[in-house]
Amino acid sequence: MLLQNKKCLIFGVANNKSIAYGIASAFKQHGAQLAFSYAGEAIQKRVEPISAELGGDFTFPCDVTSDEQIAAAVELVKERWGSVDVLVHSVAFAHKEDLAHRFIDTSRDGFATALNISSYSLTALCSAFEPLLNPGASVLTMTYYGAQKIITNYNVMGVAKAALEASVRYLSVDLGAKDVRINAISAGPIKTLASSGISDFKKIFSHIEEHAPLRRNVTTEDVGKAAVFLASDLASAVTGEIMFVDCGYNNLGI
Ligand SMILES: NC(=O)c1ccc[n+]([C@@H]2O[C@H](COP(=O)([O-])OP(=O)(O)OC[C@H]3O[C@@H](n4cnc5c(N)ncnc54)[C@H](O)[C@@H]3O)[C@@H](O)[C@H]2O)c1
């Protein structure tokens, strides 16, 4: 029980295929207390049964593009829990048309939307929740290899993830002064709602099975277990890191 009675806020469950669902399930197995955000009524309808299934304490609205909703979420969490031990940011969005064809054709609006929701939201949440984060607390975010290397059609999301990874390093300094850690997990490809928006993403799965050192794709359970480590005291001196959970794929050369 590595997270016994730790108060863990989970941003980014859409359904039971979500990476955030895998993380929340693993946290639950380690004794965590959970609360779940949702962005909009459609997601609320999916998140509430999942919160009930995993014994969540409460759910709350939070569209990360809204400073007002973030501020209201902070007030609600303060009222319910008083403080937070773990914050999981598992949120990303880009327009579908920007995840196909040529990166060079990305519009100003498409670029801003992807960066706002997928990168800036991490800083916005860290800043807003900073007063509630206990000493020893841990923040986690989710990134992908397309931040560092060219992945066909990942396009503007790769740029957003590069900004996210750099944000993790800068945030580690500010949060570190309060004994709060922040890390990113770079997960291998997983079939989810978000990844289904990337053109031809399916082709990657068989490539990984063939070539990754472990000859398989990762699961949300794999990511959940790594998240338990980073959220727990076992990772007490680990911060500002991008940890690959990708069956070793990122180490391949030719
Ligand atoms: N699936 C993969 O292959 C993969 C690999 C590496 C990293 N990731 C990352 O993992 C994270 C979770 O994605 P997933 O694959 O589990 O997909 P998902 O669709 O299950 O989760 C994405 C979540 O982002 C939320 N979201 C989108 N816009 C939002 C907004 N404005 N405000 C609040 N929430 C918003 C959605 O509601 C959803 O819950 C993302 O950051 C994604 O880039 C995914």
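In the UniProt record, an unreviewed entry, the annotation "active site" covers Tyr144 and Tyr154; positions from UniProt follow the numbering used here, feature names are shortened, and annotations may be inferred rather than shown by experiment. Both Tyr144 and Tyr154 are included in the lining of the largest pocket. On a 1 Å grid over the protein atoms alone, a pocket is an open set of points where a 1.4 Å probe fits, with protein on both sides within 12 Å along at least five of seven lines, and lining residues have an atom within 4 Å of a point. Tyr144 is placed in the loop between strand E5 (133-143) and helix H5 (155-176), where helices (H or I, at least four residues) and strands (E, at least two) are DSSP runs numbered from the N terminus.

The model is predicted: local features need pLDDT of at least 70, side-chain atom pairs count only at pLDDT 80 or more, and totals for chains, interfaces and linings use all residues. Residues are numbered from 1 along each chain as its sequence is written, and side-chain values use heavy atoms, with hydrogens and water left out.

The ligand sits in the largest pocket, a term used if more than half of its atoms lie within 2 Å of the grid points. Around the ligand are 29 residues (a heavy atom within 4 Å), and the closest are Ser18, Ile19, Lys161, Ile190 and Thr192. By class, this shell has 19 nonpolar, eight polar and two charged residues; Ala, Val, Leu, Ile, Met, Phe, Trp, Tyr, Cys and Pro count as nonpolar, Asp, Glu, Lys and Arg as charged, and the others, Gly among them, as polar.

A ligand oxygen is 2.5 Å from an N or O atom in the Thr192 side chain. For the side chain of Lys161, the corresponding distance from a ligand oxygen is 2.8 Å. Ile19, in helix H1 (residues 19-29), has a polar backbone atom 2.8 Å from an oxygen of the ligand. The protein covers 91% of the 820 Å² of accessible area that the ligand has on its own (Shrake-Rupley method, 1.4 Å probe).

Technical notes. Polar contact = N/O pair within 3.5 Å; in protein donor to acceptor, adjacent residues only side chain to side chain.
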